[in-house]
Amino acid sequence: MDDQDEPQHRLRFHVLGPVRADRDGQPLPLGSPQERAALAILLLRDGRSLTAPELVDALWGDDPPHRAMDTLRAYVTRLRAVLEPGRPFRGRAKVLVSTGGGYAVRVPPGSLDATVFEDHLAAAATARAGGDPAGAYARLTTALALWEGTALAGLTGPYAERERERLTELRATAREDHFDCALALGRHSESVAGLRALTAEQPLRERPRALLMLALHRAGRQSEALAVFSESARLLPEGPGPELVRLRERILAGDPALTAPSASGAAPPAAEAQSAPVPEHAAPDFLPPGPAGFTGRETLTAEVREALAAGGAVAGGAVAGGVVVLTGPGGAGKTALAVRTARTVRASYPDGLFHLDLRGTDPEPVDTGTALADLLYALGVTDAALPDGMERRAALYRSLLADRRVLVVLDDAHDTAQVLPLLPDAPGCAALVTTRSRDLDLPNARTVGVDAMEEKEALALLTAAGGRAAPAVAGGDAARSVAAACARLPLALRIAGALLAAPPAWPPSDLAARLTEERGRLDALHADVDVDAGTDVDAGADALALEAVCRVAHDALEPEAARAFRLLALPDTGPLDADSAAAVLDLPETARAEALTDGLTRAGLLESPAPGRHGHHALVRLSARRQSERTDSPPVRDAALLRLLDHQLATAVTALLRLTPDSPLPRHLLHHLATAGRPPADAGAARAWTHDAHAHVLATVRQVLAQDVPGALRPAVDLLTVWAELTADTARRQDLEPPARQALDRAREQSDDTATARTLRLLATPRPGPDTHERAAHDLREALRLAEGAHDPLTPLLAGYELGVVLLELDRADEALPLLVRAEEGLGREGAKGVAAQALAHAARAYIALGRPEESLAAADTAAERARELGHGRTLALVLLQTGRAHLRADRTSAAADRLREALAVEPEGTDPRREALVWTWLARCRLAQLRHREAVAAADRALALEAGPGDDRVRGLALAARGRAQLALGEPRLAEGALREAHEVLTRWGATTEAAEVATLLAEEFPAGGRGRGGADGPTP
C-alpha cells in the first residue's frame, strides 16, 4: 500500500447507531444530519455509484429543498474536506468520488460496520448449517457487539427509513439466532433474563417467546414456560402460532428431545429436534500461579481431593456443593495446597476455577459485598450491571452458578459471616476455604488441618528451593537445623532456600547458626509477634521462626533491594504493579522497579499472584513493616505513601480525560501533581484500569487518612472526587462513602473549608431511605456555602447544578431554575460542555414546571443539539432523557417519545442498565399519556427486566406504577392492583415520597376497601 492510499485505510465508518466516522480512533465532524445521511446512503451502496438525482430522491423524497442540487454539492464538498483533509485543491478525491453524474464512496473492506455485521451473519449461518453452534455463537456475539443503538439514528428521509428497517430486522433475527445458539450450547439459565428483555422489547415476535419457553423448560421452570404461552395467547393479536402451540404440547408431554444439552452433546434449538455437539473448551482459570518447586503434601492433597468429592455428594444440607476448609498457622502453605489441589481436579469443574483473596488477617478484611462484586465480575457482570447491596449480589451470584460447575478458592478467610454468602450452593460446585481461624463454622464443611511439614518433606522443599545449592543442602545435620529454625513452615523454607542459592551462597551450617542466633535474640527481647490476634491458632513460635528468617534475609540484601522490601510493604493496597512500585520507591524508571521486585520474588520475599504484580505474604509484610519502623524515619515512610497517592491521582486524571475529555475536574485539583501517572491508551483501557484499581485506590485513601499522613488530605479529596466521576452510575460509587466520611472528618479537623465543601458534595448523592432528597439538599447547600466562602471556582458550579436537580425532584422548580441557569453558564465558560448541556436539559424541566413552555422547548432543543455535537454517548443519553421528560410534561408526547428512543440508541445496549431501565420507565409513562396502554406495559416490563440486574428500587417502583396504570386502563384490575401496591411499597422504602403519594391516591380511588376496581374481572379490553 502506498502512502496515498493510507488515509482511507485509517477511516472507519459506523451506521449501526448514530452515523459517525473516525480516523485512527479520533471522531470526525460530519456536519448536519442531512450531510450524515448523504454519506450513509453512499456507504450502504457498497461502492456502487448513485446519480445526483437519485441521491436527492433518497435524501428528500417528494419534498426536496429549493436548489437541491446545489445543496447536495455543498454537502459533498464539506464531506470531502473532512474525509481527505490533506487532498490538494482540485486534487482528485479517493474516498467520496465523482462517477459520471453521480457519486460513490470507495473504502477498503472492513471499513463500514454494517458490512462487517452482515459478513459475520453469513459466517454464522454457514457455521450453523455445518453443525457448529459454538462457532456461530462466537460470530453472532461479534456481530451484535458492533451495534451502538438504532441504525442511522437521527436521520430522516425515505432511504434512511428503508435501510433502518432492513438493518433492524437483520439485528432482531441475529439476536434470536444468538439465543438459539446459546440454548444449543446449554446456556439456558443464563439466557432467561435476556430473552425476557427481548420479548418485552419485541412483544409481537413469536420466536423470542418460543426460545424463552424452551430456556425456562430446560432450567426446570416448567410452570413459567407455560405462563409465557398463556401471556402470548393474551398479547398476540391472532393468538399463538403453530410453533408456540407445538412447543407447548411438547413441554406438557415431556418430550425428551427438548432436554438440556449433556456433556457430550447439545439439545436442539427451539425449532429443531436434532442434537448438536458441544465443543471442548478450556475452563477459565483465575487461580494465582502456584509457588515454584512445590513438593510434598501428597497425603494432604489426596485428603482434600477426597473431601471435595465427598462434600459434593452431601444432600439436604444448606450447601449442595463440597466445602473444604484448610486451617492452620500462617506460612504453613494453605494457599499453595489449595491452588495445587484445585488444578488437579479442574476436569471436575469445566466452568471454571475462581480465586478470591479475602485478606482475613489484615486490619480491614475484604467485606462480603466487595468480594461478591469481584466474583460477579469474573463471571462476566460489568461494573455498570453490578447490583446494589449484598443481598442482590448474592442472589445474582447464585443464579449465575445455578447451571455451572465451578470451584471457588476463598483464601485467607476472616470469619463465617464473611464467607457464607460466597459459597456456591449449586450441585456440582465446590469451595476451598483457607483460614487461620478455627472458629470458621460452615454448613456441611470438612476441615483439614495444615500444619508444619514433616521433616522429610521440609528437607525436600528446602533442597528444591536451594536450586544450584541443592547438592550442598540435601540431607545432613545442617540442613535439618535450617529446617528446624524455619519451624518446617513452607514460607520460611522457601526464603531460606533462596538464601542458600543466591550469591554469595550461604553454607547450610552458617545459615542454621545465623537463624538460631536471630531466633534467640527475638526470644530474649520478647518481640511482639502476635500476628494471629483474634484467632485461636497459637502460632507464636511459628511467627518467631518466620520473623527470624525475614530479618536474616533482609540483612543479606543489597541496600537498594532492602529499601524496596521495606517500603513496598507499607501500602495497604496489596500486590502492586510496576508503575505503582516505582512511585513508592521514587524511581524514574519502571524497569528498575521491575528488576527489584523480580529479585525480591526470587529471594522468596515477594509473591506474584498475577502477571506484573508483586506483593508480600501477610506475615512477611508485617515483618517488613517492623523492619521499616526500625530503619526508616516517619517522613520517609509518609513520603512513600504520598508518592503512591500522587501516582494514583495522576493516572485517574488521565483516565477521566480519556472518558470525559471536557471534564473540569483536572483543571481544578487542590493538589499539584508531581508525576504523570500511567496514562491509559484509550477509553477501553481507562475503564479496565478503573475497575482493576478500584480497591487499591480506596485502600490508599483510607490508609493515608487513618494515619493522618501530613499533606495527604487534599490529594485524597482530589482522588475521591475524580473517582466519583469514574464510577458514576455504577454500584461501586457507593464504596466511596466510608473514605469520604474519613476525609470530611479530617477536613473539619484541619479547618479546610474547600476540602470540606468538596467532600460534602460527594456525600450528598441521594440514596435509599426517608427524606433522601431533603438530606442531599441540606448537604449541598452547606457545600455551596463553604465553597463560595473559600473562593473555590469549581465546587459552587457543580454543587449548584446538583442542588438544582435535587430540588426538581422535590417539586421546587422555582428554587432549582436559577441554580441550573447559573451552573450552565459557569460550566460553559469552564469548557465543561457536557455537564453544561445536562444542566440546561434540567433547566428545560424547570421551565415547563413553572409554566414557561417556549423557554422549556428552546432549552431542551439547545441542550440536545449541544450534546449531539460533543459525540459523547453517555452525556447525550442523559440529556435526551431529561429533555424527553420536559417534552412529556409539556404534553408533547411524540417529541418526548422521539427523545427517549434516541436516548436508548446512542450507546450499545447493556452499556448502562440502570439508565436504560430509567429511560424505558419514562417511555412507559409516555405511552400511557398517548393511551397506548399495551405498549406501556411492554415498556414497563422492559424496564423491570433491566432493573432486575442492578436492583434500582426507585426505577422498579416507577416502572411498576406505570405498568399498574396501564393494566388498569386495559381492564386488568387484579394485575393492576398488585403492581400498584408493590410500587407504593418500593417507592416508600426508597424515599420517593412524591411518587409514592401519587400511587397511594390512585389505589384509594380505584380500590377502596379492597374493591375490584373499574373494569370488573381481569381480562383484555375488547
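In this predicted model, strand 2 (residues 20–23) and strand 3 run antiparallel and are joined by two bridges, and aspartate 22 has proline 27 of strand 3 as its bridge partner. These strands belong to an open sheet of three strands, ordered 1-2-3 with antiparallel pairing, in which strand 1 (11–14) and strand 3 (26–27) are the edge strands, each pairing on one side only.

Strand 6 (residues 102–105) pairs with two other strands, as the table sets out.

| Strand paired with strand 6 | Sense | Bridges |
|---|---|---|
| Strand 4 (residues 50–51) | antiparallel | two |
| Strand 5 (residues 96–98) | antiparallel | three |

Within these pairings, threonine 51 stands opposite glycine 102 of strand 6, while leucine 96 has valine 105 of strand 6 as its bridge partner. Strand 5 and strand 6 form a hairpin with three residues between the strands, and glycine 100 in this hairpin takes a positive phi near 50°. In a regular strand, side chains alternate between the two faces of the sheet. Strand 6 can be read in those terms: Gly102 and Ala104 point one way, Tyr103 and Val105 point the other way, and all are buried.

Helix 6 (residues 133–145) has 13 residues and reaches 18 Å from its first C-alpha to its last, which is close to the 18 Å expected at 1.5 Å a residue. Its buried residues are Pro133, Ala136, Leu140, Ala143 and Leu144. Seen down the axis of helix 6, these buried residues fall within an arc of 90°, and they therefore line one face of the helix. An α-helix has 3.6 residues a turn, so residues three or four places apart point the same way. The buried residues of helix 6 pack against helix 5 (113–129) and helix 7 (158–184).

At least two lining residues come from each of strand 12 (576–577), helix 24 (578–585), helix 27 (634–659) and helix 28 (683–706), and helix 28 gives the most to the lining of the largest cavity, with four residues.

Conventions. Residues numbered from 1 in each chain as written. Predicted model: local features only at pLDDT ≥ 70, side-chain atom pairs only at ≥ 80, totals over all residues. Heavy atoms only, no water. Buried < 20%, exposed > 50% of the residue type's maximum accessible area, 1.4 Å probe, protein only. Pairing = 2+ DSSP bridges. Expected span 1.5 Å × (residues − 1). Arc of directions from axis to C-beta. Contact = heavy atoms within 4.5 Å.
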